[in-house]
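User: Please take a close look at one strand of this model and what surrounds it. I would like the residue-level detail, followed by the chain as a whole.

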Amino acid sequence: MKLTNSFLSKDITTPALKPLFRESLFHDLTTKSITINYTAIDSLSDIQNISVLLDDKTNKFKRVFIRSSYMKEDSLFLEQDNWKAGKSFQIIKSIATKSGTLTEIETTVIWNDKPYH
């Protein structure tokens with residue numbers, strides 16, 4: 001449950017955050033999805049982009065991809081959060097320190113899907 005906070009803490013539907021994002025919508029025939037994109041208007045926003053994929057026939061949620069970046073102490077964190085409805089989620093963090101060290105951490109939680117590769 002603690003790991004899901006990486007997703008829940010990036011809720012941009014609040015009245016304070018929603019105006020800070022530009023919404024676009026397109027029908028992706030390749031993935032058979034309606035894709036709703038939310039892109040930060042301010043390039044310094046911690047949350048850079050959220051893409052929500054809905055099944056183009058049922059409009060049911062399929063996936064969400066969240067890209068964010070933020071500073072913490074002396075390090076830059078680049079984070080990619082991926083959620084596959086009813087199956088799994090993945091959090092990928094790249095951490096770059098001022099000294100030039102780069103660390104990548106990948107966390108995958110699967111409850112009803114095949115492992116990511």
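Analyst: The model is predicted, so local features need pLDDT of at least 70 and side-chain atom pairs count only at pLDDT 80 or more, while totals for chains, interfaces and linings use all residues. Residues are numbered from 1 along each chain as its sequence is written, and side-chain values use heavy atoms, with hydrogens and water left out.

Ser69 belongs to strand β4. Helices and strands are DSSP runs numbered from the N terminus, a helix (H or I) having at least four residues and a strand (E) at least two. Setting aside residues within four places in sequence, the contacts of Ser69 are Ser45, Asp46, Gln48, Phe77 and Leu78; a contact is a pair of heavy atoms within 4.5 Å.

Val64 is in strand β4 too, which covers residues 61-72. With a relative accessible area of 12%, Val64 is buried. Beyond residues up to four places away in sequence, Val64 touches Phe7, Ile50, Ser51, Val52, Asp81, Asn82 and Trp83. The C-alpha atom of Val64 is separated by 6.2 Å from that of Leu53, a residue 11 places away along the chain.

The loop between β3 (47-55) and β4 holds Asn59. Asn59 is exposed, its relative accessible area being 52%. Not counting residues up to four places away in sequence, Asn59 touches Ile34 and Leu54. Its C-alpha lies 8.3 Å from that of Ser33, which is 26 residues away in sequence.

Lys10, Glu79, Asp81 and Lys93 are linked in a network of salt bridges. A salt bridge here is a side-chain nitrogen of Lys or Arg within 4 Å of a carboxyl oxygen of Asp or Glu. The whole structure contains three of them.

The side chains of Lys10 and Glu79 form one, at 2.7 Å from N to O. Lys10 is in the loop between α1 (5-8) and β1 (21-28) and Glu79 is in strand β5 (residues 75-84), so this pair ties together parts 69 residues apart in sequence. Glu79 is buried because its relative accessibility is 4%.

Lys10 also meets Asp81 in a salt bridge, again with an N to O distance of 2.7 Å. This pair links distant parts of the chain, with Lys10 in the loop between α1 and β1 and Asp81 in strand β5, 71 residues apart. Lys10 is buried, with a relative accessible area of 10%, and Asp81 is buried at 0% relative accessibility.

In the salt bridge between Glu79 and Lys93, the closest N and O atoms are 4.0 Å apart. Glu79 is in strand β5 and Lys93 in strand β6 (residues 88-97), so the bridge ties together parts 14 residues apart in sequence. Lys93 counts as partly exposed, at 27% relative accessibility.

Strand β6 also contains Gln90. Gln90 is buried, with a relative accessible area of 7%. Its side chain and that of Glu106 are joined by a polar contact of 3.0 Å; a polar contact is a pair of N or O atoms within 3.5 Å, where within protein one must be able to donate a hydrogen and the other to accept it, and residues adjacent in sequence count only if both atoms are side-chain atoms.

As for the chain as a whole, the protein chain has one helix and seven strands, in the order α-β-β-β-β-β-β-β from the N terminus. Its C-alpha trace spans about 50 × 35 × 25 Å along the principal axes. Of its 117 residues, 31% are buried. Where contacts join residues at least 6 apart in sequence, 23% are between residues at least 24 apart. The accessible surface is about 8000 Å², 59% of it from carbon and sulfur atoms; the area comes from the Shrake-Rupley method with a 1.4 Å probe, and for residues only the protein chains shown count as cover.

Conventions
Buried < 20%, exposed > 50% of the residue type's maximum accessible area, 1.4 Å probe, protein only.
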